Amino acid sequence: MFIRSTWAVMNRQPLRPPGALPEREFLAACIRCGKCAQACPYRSIRMAGLLDGVALMGTPVIRARETPCFLCMKCPPVCPSGALKRTVRRKEDVRMGEALIDKKTCLAWEGTLCRSCYDDCPLQNEAIIMDAELRPVVDEKKCVGCGICENVCPTEPAAVTVRPKGGV
Amino acid sequence: MKRARKIVQLVSILTFFIIIPVLNKNGIVFISGTLYSFAVGPVWITDPLIGLQTLLTTLSMDRVLLVSVLIPIVFALALGRVFCGWICPQNSLSELADAAAARLGINRLFGPKPSALPRYAVLAAILIAVPLTGLPLASLLSAPGILSAQAARFVYEGTVGLELGLIGLIVLGELALVRRGWCNFLCPVGGFLGLFRWKGTLRVAFAPDADHVCGGCRSCADACRLGLDPMGAALYPLCHNCGDCVAACGAVKLGKKPLMFRRVRGQAE
C-alpha cells in the first residue's frame, strides 16, 4: 500500500510554471538553476524534492492547493535554457493544465450556493462560467491551469483540481 | 594577492548564498540566479558545461543559452580557471576543509598524484549519458550549482534538498580518502572549463634566470591549496591560477621572483 501510493505520487506529473515545454522535453531542458523560483513574487514555484521523484529533483513545481500561480508571467522570460518558453508573455496563452470539477463533491453541483472558483478565476467569466442553474463549468479551451480555483475551493479535498498538461 | 582572493571568495559566497536570494525574495530581481546560470540585468552568464548539456538533451540550439556561455569561456581563455580558484564555493569549502585537516593532522587513506585524466573520464561519461538518458546529469553533479541553488532554496523555502548529499560526500571524501579529491580528480565543471586554454592563457610560469634566482625554499609548493608543485612541469590543466604560489614565492633578490604569472609560454618578460 505504502509502496503503491509512493509510486503513484512519484509518477504523478507535476504542475509546471507557465510556458513550460511538454513534460519530457521540460525534464531534459531544465537545468535546475532555480531562477524561475527566484523570479516568482508569490513563492508559488517550489523546487521538487526526492518525494516528487528522482528525475524531478530540483525542477520547479507549483503546488496549487498551497500557492497557485497568479499568472504574473515573470518566470518565462528569465529561463536560461528555454525549458520555459520565453516567448509566452500573455496569461491567456498559458496552458499549464486544466481544471476539473468533481461534480460529486462540488458544493454548487450538490445544491449549496458557492461560486468561489468562479469569482477568483483570473480569466473572469471565461475559463469558468456559471451555467443556468448557477453551477461552475470549466471551458477547457480557455482554462490556463493556474490552479487558483483549486486553491480557493472550500471543500476538503478540493472539488476542483488542476490536471497538469505539460506544454506551454 | 592572497588577501584579494580571500575577499573575492567571501564576496562570491555572500553574493550567491545571501545577497541574491534575499534581494530576489524582496522583489528585486535585477541580479538573480545561481552558479548554474545567473543574470546581472541584461547580461546572462551560464556555466559552459550546462550549456553543452542542454544542447545534448534538447538537441536544439537555444540562442540565448549559447550566448550566455561566452563570458565564462572568454574568461577561461584569457585568465585560466580563475572561476575555480576565486569564485567557486565548493573550492572555498574544500580549502577550508583542507586547512582544518592540516591543523588536525588528518592523514588521507590514499595519496595519488593529482591528475586530470579521471576528470576527463567523468566528463566523457556525463556527456555520453546525458543524451542517452535525457537527464541533465551535469546539473546534478555541479557542486557550485548545487551549493548556490540549495542556499537560495533555503532562503526561499527554509528547506534544502537531497542534492546537498553530494557536497557532504565530497567533503568527507576529501577529508578521509584523497586530499582535494573532487577538484583535482573528479569535478566535471572544472574539467570542462580547463579545456578552454591556448598559448595566450594566463599561466603560472617558473622561469628562474640570472636575475630571477630561485632559492629552492619550496614556499610555493607549500602554499598551493591543491597540493601541486608550481616548479614542476605538469601544472596545467590542474592549476586554478589562484596566485597563492606567486604570492608566497620567496625571491632571493628583492622583487625578482622566479615564479610569475605570464601569458605566453617560455617567453621572457
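## Close-up views of a predicted two-chain model

**View 1. The largest nonpolar core.** The largest nonpolar core in this predicted model has 96 residues, and those with the most contacts inside it are A:C36, A:C75, A:A83, A:C149 and A:V160. A nonpolar core here is a set of buried Ala, Val, Leu, Ile, Met, Phe, Trp, Tyr and Cys residues joined through C-beta atoms within 7 Å. Buried means that 20 or more other C-beta atoms lie within 10 Å of a residue's own; with 12 or fewer a residue is exposed, and in between it is partly exposed, with C-beta atoms placed from the backbone. Helix α9 of chain B (residues 143-157) gives the most to this core, namely 7 residues. In soluble globular proteins, nonpolar side chains tend to be buried together.

As the model is predicted, local features need pLDDT of at least 70 and side-chain atom pairs count only at pLDDT 80 or more, while totals for chains, interfaces and linings use all residues.

**View 2. The surroundings of A:C75.** Setting aside neighbours within four places in sequence, A:C75 is in contact with A:P17, A:P18, A:C36, A:A39, A:C40, A:I45 and A:L84. Two residues are in contact if their C-beta atoms, placed from the backbone, lie within 7 Å.

**View 3. Where chain A meets chain B.** Here 26 residues of chain A are in contact with 32 residues of chain B. On the chain A side, α2 (23-29), α3 (35-39) and β1 (45-47) each supply at least two residues. These elements are DSSP runs numbered from the N terminus: helices are H or I with at least four residues, strands E with at least two. The side of chain A that touches chain B has 15 nonpolar, 6 polar and 5 charged residues. Ala, Val, Leu, Ile, Met, Phe, Trp, Tyr, Cys and Pro count as nonpolar, Asp, Glu, Lys and Arg as charged, and the others, Gly among them, as polar.

**View 4. The two domains of chain A.** Chain A is assigned domain 1 (2-78) and domain 2 (95-164), with bounds from an automatic or database domain assignment. Their C-alpha centres lie 22 Å apart. In the contact between them, 12 residues of domain 1 of chain A meet 12 residues of domain 2 of chain A.

**View 5. The two domains of chain B.** Chain B is divided into domain 1 (2-193) and domain 2 (200-269), whose C-alpha centres are separated by 26 Å. Their contact takes 19 residues from domain 1 of chain B and 15 residues from domain 2 of chain B. On the domain 1 side, the largest share, 4 residues, comes from α5(B). That side divides into 9 nonpolar, 3 polar and 7 charged residues.

**View 6. A cysteine in helix α13 of chain B.** B:C220 has its place in helix α13 (residues 219-223) of chain B. Is B:C220 buried or exposed? B:C220 is buried, because 24 other C-beta atoms lie within 10 Å. Apart from neighbours within four places in sequence, B:C220 is in contact with B:P230, B:M231, B:C245, B:A248, B:C249 and B:L259. B:F154 and B:C220 are 66 residues apart in sequence and 39 Å apart in space, C-alpha to C-alpha.

Methods
Residues numbered from 1 in each chain as written. Chains lettered and ligands numbered in written order.
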